[in-house]
Amino acid sequence: FQHYYITNNLRMSNGHTSRLVGVYSDEGASPWCVDCTCKTLTARSYTTINLTAQDILSGTWTISCVGIVFPGGRDSPYHDKLKGPGNQKIREFVESGGWYLGICAGAYFGSSKIDFCKGDPEMEIDTSRELGFFPGTAVGPQYPGFRYQDNSGERVVSISKPGSCQGALSGSHKVYFNGGCYFNLKMENQLNQPHPTTHPTTMWAYEGGSSPAPAEGGSSPA
């Protein structure tokens, strides 16, 4: 359930607030996660379109979409297909008022650095990423047991809002977890970050610890 959500303001299309959201469905995106993401957005009155890497590179989606979602799956194929020009399109979209939602793999992808499965010779990823919407390190999995081959690492976990973010959804909530990250600002030297105007806010935290789970941020956080 880990995500990074960044926004500047509402986008308008033909004088009306857009409700169209692009969902990345190319290599690396889990078909099950894409399906769940689209159903969740549709239940909240959004219309979704599936986007490939080529679609993102074309830039046509930026005209009509209010946001873009990178669902769970594998982050490395996201990076391989979008590094450079593709990521630049995404950054320009957000900087012009669109929003980015990264779920699990999408949260790793949207951070400045990844520290994944440290010490595992088959799955370890210790590298930087270009988007840098979260100006720190996405560290995971938060809970042990994750394997790509099966769902042995899935579980139900509890998250709650910190005191500064209480509201209609305050209290403890049960969410699905399978390999996601927590966000660590302390692991990075902020002076060296490529996008220093990002100011993340912890919206939810894993219960039983202080690790931030879903976060929100941006040059003008919503």
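Residues are numbered from 1 along each chain as its sequence is written, and side-chain values use heavy atoms, without hydrogens and water. Because the model is predicted, local features need pLDDT of at least 70 and side-chain atom pairs count only at pLDDT 80 or more, while totals for chains, interfaces and linings use all residues.

The protein chain holds 6 helices and 16 strands. Both are DSSP runs numbered from the N terminus: helices are H or I with at least four residues, and strands are E with at least two. Of the 222 residues, 51% are buried. Buried means under 20% relative accessible area, exposed over 50%, and partly exposed in between, with a 1.4 Å probe and protein chains only. Among contacts with a separation of 6 or more, 72% join residues 24 or more positions apart. A contact means heavy atoms within 4.5 Å.

Helix H1 covers residues 31–43. Its 13 residues should span 18 Å at 1.5 Å a residue, and its end C-alpha atoms are 18 Å apart, which agrees. The expected span is 1.5 Å times one less than the number of residues. Cys33, Val34, Thr37, Cys38 and Leu41 are the buried residues of H1. They cover an arc of only 130° around the axis, so they lie on the same side of H1. The arc is taken from the directions from the helix axis to the C-beta atoms. On the other side of H1, Pro31, Trp32, Lys39 and Ala43 are exposed. The buried residues pack against four strands: E4 (20–24), E5 (47–51), E6 (67–70) and E7 (99–103). Just after H1, Ser45 takes a positive phi of about 70°.

Strands of a sheet pair through backbone hydrogen bonds, either parallel or antiparallel. Two strands pair if DSSP finds at least two bridges between them. Strand E11 (residues 155–160) is joined to E12 by 6 bridges. Ser160 stands opposite Ser172 in E12.

The count comes to 1 cavity of 30 Å³ or more. A cavity is a set of points, on a 1 Å grid over the protein atoms alone, where a 1.4 Å probe fits but cannot get out. The largest cavity holds about 90 Å³ of space. Grid points are joined across faces, edges and corners, and the volume is the space filled by probe spheres set on the points. Lining residues have an atom within 4 Å of a point. The lining includes Gly73, Arg74, Asp75, Cys104, Tyr108, Phe116 and Gly179. Helix H6 (105–109) and strand E8 (111–116) are the elements that give two or more residues to this lining.

Most residues other than glycine have a negative phi, and most peptide bonds are trans. Cys104 has a positive phi, near 55°. Cys104 lies in the loop between E7 and H6, and counts as buried at 15% relative accessibility. Cys117 has a positive phi of about 50°. Cys117 lies in the loop between E8 and strand E9 (125–128), and is buried at 11% relative accessibility. The peptide bond from Gly140 to Pro141 is cis, with omega near -5°. Pro141 lies in the loop between strand E10 (134–140) and E11.

Methods
1 Å grid on protein atoms, 1.4 Å probe; cavity = no way out; pocket = protein on both sides within 12 Å on 5 of 7 lines; lining within 4 Å.
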